[in-house]
Every structure is written in structure tokens, then in C-alpha cells.
Amino acid sequence: MRPTRRRARKKTDDGWVINGAKMWISMANFAKVALIFAQTDPELGNKGLACFIVDTDQPGFQPQTIEHKMGLHALDTASISLEDVEVSDEDVLGEVGQGFKVAMSNLDSGRYSVAAGCVGICQGCVEESVNYAKEREQFGRPIASFQLVQAMIADMTVKTEASRMLVWTRRLAEDQGRKNTLETSIAKLHATEWHRWSAQTWRSRCTVARAMSMTTRSSATSAMRV
């Protein structure tokens, strides 16, 4: 959350005007109502935050679809900009200054959904990497037969399964009625860190293939010189 990116200014005795922007908003292209956290007084820090219930049909509310995602293809995500979006005092959820408290009340479930989504991305990276390693050939055989590639895929698989177990542990804690903030934080931290690592490893498959191609050409050149 970056409260300084969204400001709410008191317009009249019973209204506010919001300006700002935010990235990675779920269902922003379709939602008819949005919860916007905005800063009403920067000097107050978190105590100046307020949560506003905003009608998205206003001209000043502009979503823009985020394209070319590596995961979450089934989830609509967008950036939004707010330009002179008007709300009334009745549209404040809770009290002005309680926005941080409102946000934190839903943080646990939000972290859980992020962790679970990252596990899916990790799994997709593993599957795509395995398929590519079986199809891509160097030295007359699939690169899946080389120890370096096998080690990369093994690391991806281990980290994916570890993230999956942490997500399941959090789910178990909730099913048992236990406070699960710690489990949620651990699951989100691990899954988000390793989904990024898995994505980078998946991209690097081309780098490995190119390196093998260069080795092949170098060996052939050396042989010709001899």
C-alpha cells in the first residue's frame, strides 16, 4: 500500500475528491464498486488513511488492462487512475483515519490468495520447462538429458512443492480454528520469492540452449583448426 499515491481532498461539507493511481487491481475492468484507500492528511501517516466506497462508472475512474502476464491469466487485473473522482461522506467505510485498520482486517486472506496463486505460477513454470527440455535438442539429444538442466528443474520442483505445503499448512490452521497470521505470512513470503525465481529459471532455458549452441560451434571450430 502506498497512501501517498492516492489523495482525498475535502470538497464540501459532505463530499471528497480523490486523485491518484494504483497497479494490480483485481477485477478493475468489471467491478461496479471499488474500495479505494486514500490519504486525507499526509502529515498523519497511517492515521490519515480513509477507505472510500467508489462508484466505478464515474468518468474519472479509468482502468487499464495489464497485458502479457506470466500467470493469473484467468484473473482480470488492471491499473487504475482516479482523476477528480467524487464521493460523499456516506461513502467512507468506517471512519476517516481508520483506513489502515480496514485494510489490515482483510490482509490475511489477501496474502493467502497471493501465495496460492504463486504456487500455480511455479507449477506452470515447472511444466513448461520440462516440456521444453524434452523438445529442445543439443549434441543430438534432448537437453533434458544434461545434468545442469536436470538440476534446474529439480530445484524448481522442490521449491514449488515446499510452497504448496506451506499454503496447505495455512489452510489446515484455519480449518482447525487457529490464528493463522504466521502461517499466512510464511506461505506468502516463500511462494512469492520462489515464483519469481521459477519464472526467471524458466526464461533462462533459452540462455542455456544458446550456451550449448555456442559450445557446439566452438568445438566444431576448434576441430577444424586442428
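This is a predicted model: local features need pLDDT of at least 70, side-chain atom pairs count only at pLDDT 80 or more; totals for chains, interfaces and linings use all residues.
**View 1. Ile36 and its surroundings in the largest nonpolar core.** Among the 17 residues of the largest nonpolar core, those that touch the most other members are Ile18, Ile36, Phe52, Val54, Phe61 and Leu82. Two or more residues are given to this core by each of strand E2 (15-26), strand E3 (33-39), strand E4 (49-55) and strand E6 (77-88), and E6 provides the largest share, five residues. When neighbours within four places in sequence are left aside, the contacts of Ile36 are Arg6, Ile18, Ala50, Cys51, Phe52, Val54, Phe61, Ile80 and Leu82. Apart from this core lies another one of seven residues, including Tyr112, Val119, Val167 and Ala191.

**View 2. A nonpolar patch on the surface.** Met27, Phe30, Leu72 and Leu75 together form a nonpolar surface patch, with about 360 Å² of accessible area. In soluble globular proteins, nonpolar side chains tend to be buried together. Phe30, by contrast, is exposed, its relative accessible area being 57%, and this residue is located in the loop between E2 and E3.

**View 3. Cysteines without a disulfide.** The structure contains zero disulfides. Cys118 accordingly takes part in none, and the nearest cysteine sulfur, which belongs to Cys122, is 6.7 Å away. Cys118 is buried, with a relative accessible area of 6%.

**View 4. The salt bridge between Asp89 and Lys10.** Of the five salt bridges counted in the model, this view shows the one that Asp89 forms with Lys10, in which the closest N and O atoms are 2.6 Å apart. Because Asp89 lies in the loop between E6 and strand E7 (92-93), whereas Lys10 belongs to strand E1 (residues 6-12), the pair ties together parts that are 79 residues apart in sequence. Both residues are partly exposed, with relative accessible areas of 32% for Asp89 and 37% for Lys10.

View 5. Arg170, Arg171, Glu174 and Asp175 are linked by salt bridges into a network. Arg171 meets Glu174 at 3.0 Å, N to O, and the two are separated by about one helical turn because they stand three residues apart in helix H3 (residues 147-175). Arg171 also meets Asp175, at 3.4 Å, N to O, and here the separation is four residues in helix H3, so about one helical turn again lies between them. Arg171 is partly exposed at 32% relative accessible area, as is Glu174 at 34%, while Asp175 is exposed at 55%.

Methods: Residues are numbered from 1 along each chain as its sequence is written. Side-chain values use heavy atoms; hydrogens and water are left out. A nonpolar core is a set of buried Ala, Val, Leu, Ile, Met, Phe, Trp, Tyr and Cys residues joined through side-chain atoms within 4.5 Å. Buried means under 20% relative accessible area, exposed over 50%, partly exposed in between (1.4 Å probe, protein chains only). Contact means heavy atoms within 4.5 Å. Patches are made of residues with over 30% relative accessible area and no salt bridge: like charges are joined within 9 Å, nonpolar side chains (Val, Leu, Ile, Met, Phe, Trp, Tyr) within 5 Å. Accessible areas come from the Shrake-Rupley method with a 1.4 Å probe; for residues, only the protein chains shown count as cover. A salt bridge is a side-chain nitrogen of Lys or Arg within 4 Å of a carboxyl oxygen of Asp or Glu. A disulfide is a pair of cysteine sulfur atoms within 2.5 Å.
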